[in-house]
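This briefing goes through a predicted model and takes its pocket, its cavity, its nonpolar core and its aromatic contacts in turn. Please keep the sequence and the structure open while reading the points below.

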Amino acid sequence: MSALRPSFTLFRNLKQGQEAKAVEVGVRYGENAHAMLQAFPGLKLFLVDTFTEADCPNAYDRAISLLIGKADFILEESVSAATRFQDGTLDYVYIDADHRYESVLKDLKAWWPKVKETGILAGHDYQIESVKKAVRDFMDNTKTLFVIEDLADAEMVDWLMIRRK
């Protein structure tokens with residue numbers, strides 16, 4: 001089983017005892033989603049991925065077997081899937097999909113409006129230069145960026161933004 005991402009641990013601690021609505025963009029094999037659902041029983045989770053076989057063979061089958069009946073799958077590109085949600089309705093959005101600069105920036109622009117006031121937009125792989133550049137370029141004076149590292153795992157570098165009131 002996958003360890004909880006640092007940004008989700010913070011989110012869970014802030015929302016403890018409440019129900020919440022979240023989206024994971026980039027599901028891969030479903031291990032992160034499974035860990036989130038195990039750690040947060042009141043979580044309504046939507047999973048967005050195209051499950052392209054070239055990227056991760058058997059990913060869809062593995063994710064379905066792990067998460068069937070526990071989360072809602074949306075088999076679409078990220079930006080298209082974001083249109084399914086009204087603005088200001090999500091407590092937590094986690095982006096870990098295409099790591100190319102243009103794709104990350106498009107994801108940020110598509111999902112940020114969907115996050116509620118005091119909700120969290122977060123993502124993985126901040127140590128990758130294209131991700132870091134897209135996140136920083138998206139920033140302006142209305143957003144505050146936090147970077148969280150898991151000292152036990154150098155690849156667990158999350159970024160997050162909390163939507164202000």
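## Pocket, core and aromatic contacts

The largest pocket of this predicted model has a volume of about 760 Å³. Of the 31 residues in the lining of this pocket, Gly26, Asp49, Asp96, Ala97 and Asp98 are the closest to the centre.

**Lining of the largest pocket**

- At least two lining residues come from each of strand E1 (20–25), helix H2 (31–39), helix H4 (78–82) and helix H5 (101–111), and the largest share, three residues, is supplied by H5.
- Sorted by class, the lining of the largest pocket consists of 12 charged, 10 polar and nine nonpolar residues.

**Cavity**

- The model contains one cavity of 30 Å³ or more, and the space in the largest cavity amounts to about 60 Å³.
- The residues that line the largest cavity are Ile95, Asp96, Ala97, Asp98, His99, Val104, Asp107, His124, Val131 and Trp159; by class, five of them are nonpolar, two polar and three charged.
- Asp96, Ala97 and Asp98, which are among the residues lining this cavity, are also among those closest to the centre of the largest pocket.

**Nonpolar core**

- The largest nonpolar core has 28 residues, of which Val23, Val93, Ile95, Leu108, Trp111, Leu121 and Trp159 touch the most other members.
- Contributions of at least two residues each come from E1, E2, H4, E4, H5, strand E5 (115–123), helix H6 (129–138) and strand E7 (153–162), and H5 gives the most to this core, with five residues.

**Helix H1 and its aromatic neighbours**

- In helix H1 (residues 6–15), the buried residues are Pro6, Ser7, Phe8, Phe11 and Lys15, and the helix is followed by Gly17, which has a positive phi near 85 degrees.
- The structure holds 12 aromatic pairs, including the edge-to-face pair of Phe8 and Tyr92, with 5.3 Å centre to centre and 75 degrees between the planes.
- This pair links distant parts of the chain, since Phe8 belongs to helix H1 and Tyr92 to strand E4 (residues 90–95), 84 residues apart; Phe8 and Tyr92 are both buried.
- Phe8 and Tyr92 also belong to one aromatic cluster, together with Phe11, Phe40 and Tyr94.

**A tilted pair and a charge over a ring**

- Why is the pair of Phe51 and Phe73 described as tilted? The ring centres are 6.2 Å apart and the planes stand at 45 degrees, so the pair counts as tilted.
- Phe51 lies in the loop between strand E2 (43–48) and helix H3 (59–67), whereas Phe73 lies in strand E3 (residues 72–74), and the pair therefore ties together parts that are 22 residues apart in sequence.
- Phe51 is buried because its relative accessible area is 8%, under the 20% cut-off, whereas Phe73, at 21% relative accessibility, counts as partly exposed.
- Arg62 lies over the face of Tyr29, at 3.8 Å from the centre of the ring.

Terms used: Residues are numbered from 1 along each chain as its sequence is written. This is a predicted model: local features need pLDDT of at least 70, side-chain atom pairs count only at pLDDT 80 or more; totals for chains, interfaces and linings use all residues. Side-chain values use heavy atoms; hydrogens and water are left out. On a 1 Å grid over the protein atoms alone, a cavity is a set of points where a 1.4 Å probe fits but cannot get out, and a pocket is an open set with protein on both sides within 12 Å along at least five of seven lines; lining residues have an atom within 4 Å of a point. Grid points are joined across faces, edges and corners, and a volume is the space filled by probe spheres set on the points. Helices (H or I, at least four residues) and strands (E, at least two) are DSSP runs, numbered from the N terminus. Ala, Val, Leu, Ile, Met, Phe, Trp, Tyr, Cys and Pro count as nonpolar, Asp, Glu, Lys and Arg as charged, and the others, Gly among them, as polar. Buried means under 20% relative accessible area, exposed over 50%, partly exposed in between (1.4 Å probe, protein chains only). Rings of Phe, Tyr and Trp (its six-membered ring) pair if their centres lie within 6.5 Å; planes under 30 degrees apart count as stacked, over 60 as edge-to-face and the rest as tilted. A charge sits over a ring if NZ of Lys or CZ of Arg is within 6 Å of the ring centre and within 35 degrees of the ring normal. A nonpolar core is a set of buried Ala, Val, Leu, Ile, Met, Phe, Trp, Tyr and Cys residues joined through side-chain atoms within 4.5 Å.
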